Amino acid sequence: MEIKKALETRLLSLTPSIPTGFEGVNFDPPSTMYQFCQLIIRPPEDPVFGKGYYRERCQFQVFVSSNQGSGTGTALARAELVRNWFQKGTSLLEGGVQISILETPHVGSPTMVNGRVLVPVL
């Protein structure tokens, strides 16, 4: 799927880079900060009458994971970096498909999961 490829490629081009896990790919999480992502595919939107046009609706989710005990600051800083990298109005082109980010990404509240700080960027 072109959408997934374009979004994952853009995430990998974010600097500074950190280890990244992808859906369906073996990933051995390091003890340092890392991120993992998934693509949620929603029903398409059909804004016009006719057969030829529809709009895919997806939500790209990036989860920033950092060590417990050092607070939430570094994870939140990385989440803001991801948010700004996928800002509203960004357009990507992959395989003849244009991907447009139509909403401002949302940085969720930090939470503890398996002894690590986890911050979602939706």
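This is a predicted model: local features need pLDDT of at least 70, side-chain atom pairs count only at pLDDT 80 or more; totals for chains, interfaces and linings use all residues.
**Figure 1. Overview of the chain.** The chain holds 2 helices and 7 strands. Helices (H or I, at least four residues) and strands (E, at least two) are DSSP runs, numbered from the N terminus. Their order from the N terminus is α-β-β-β-α-β-β-β-β. Along the principal axes, the C-alpha atoms fill a box of roughly 55 × 25 × 25 Å. Of the 122 residues, 34% count as buried. Buried means under 20% relative accessible area, exposed over 50%, and partly exposed in between (1.4 Å probe, protein chains only). Among contacts between residues at least 6 apart in sequence, 54% join residues at least 24 apart. Contact means heavy atoms within 4.5 Å.

Figure 2. Not counting residues up to four places away in sequence, Ser 65 touches Thr 32, Met 33, Tyr 34, Arg 116, Val 117 and Leu 118.

**Figure 3. The largest pocket.** The volume of the largest pocket is about 960 Å³. A pocket is found on a 1 Å grid over the protein atoms alone: an open set of points where a 1.4 Å probe fits, with protein on both sides within 12 Å along at least five of seven lines. Grid points are joined across faces, edges and corners, and the volume is the space filled by probe spheres set on the points. Lining residues have an atom within 4 Å of a point. The lining counts 28 residues, and Glu 56, Arg 57, Cys 58, Ser 100 and Leu 102 lie nearest the centre. H1 (2–12), E2 (34–45), E3 (55–67) and E5 (97–100) each supply at least two lining residues. E3 gives the most, with 7 residues. By type, the lining divides into 17 nonpolar, 4 polar and 7 charged residues. Here Ala, Val, Leu, Ile, Met, Phe, Trp, Tyr, Cys and Pro count as nonpolar, Asp, Glu, Lys and Arg as charged, and the others, Gly among them, as polar.

**Figure 4. Helix H1 and the largest nonpolar core.** In H1, the buried residues are Ile 3, Ala 6, Leu 7, Glu 8 and Leu 11. What covers them includes E1 (20–21), E2, E3, H2 (73–85), E4 (91–94) and E5. In the largest nonpolar core, of 24 residues, Leu 7, Leu 11, Phe 60, Val 62, Val 82 and Phe 86 touch the most other members. H1, E2, E3, H2 and E7 (116–121) each supply at least two residues of this core. The largest share, 4 residues, comes from H1. A nonpolar core is a set of buried Ala, Val, Leu, Ile, Met, Phe, Trp, Tyr and Cys residues joined through side-chain atoms within 4.5 Å. Leaving aside neighbours within four places in sequence, Val 62 is in contact with Leu 11, Gln 35, Phe 36, Cys 37, Val 82, Val 119, Pro 120 and Val 121.

Figure 5. Ala 79 is found in H2. Its relative accessibility is 0%, so Ala 79 counts as buried. Beyond four places in sequence, Ala 79 touches Val 64, Val 107, Val 119 and Val 121. Ala 79 and Thr 90 are 11 residues apart in sequence and 17 Å apart in space, C-alpha to C-alpha. Glu 80 is partly exposed, with a relative accessible area of 34%. From Glu 80 to Pro 105 the separation is 25 residues in sequence and 9.4 Å in space, C-alpha to C-alpha.

**Figure 6. Backbone details in two loops.** Thr 15 and Pro 16 are joined by a cis peptide bond, with omega about 0 degrees. Pro 16 sits in the loop between H1 and E1. Asn 114 lies in the loop between E6 (111–113) and E7. Phi of Asn 114 is near 50 degrees, a positive value in a residue other than glycine. Asn 114 counts as exposed, at 78% relative accessibility.

Notes:
Residues are numbered from 1 along each chain as its sequence is written. Side-chain values use heavy atoms; hydrogens and water are left out.
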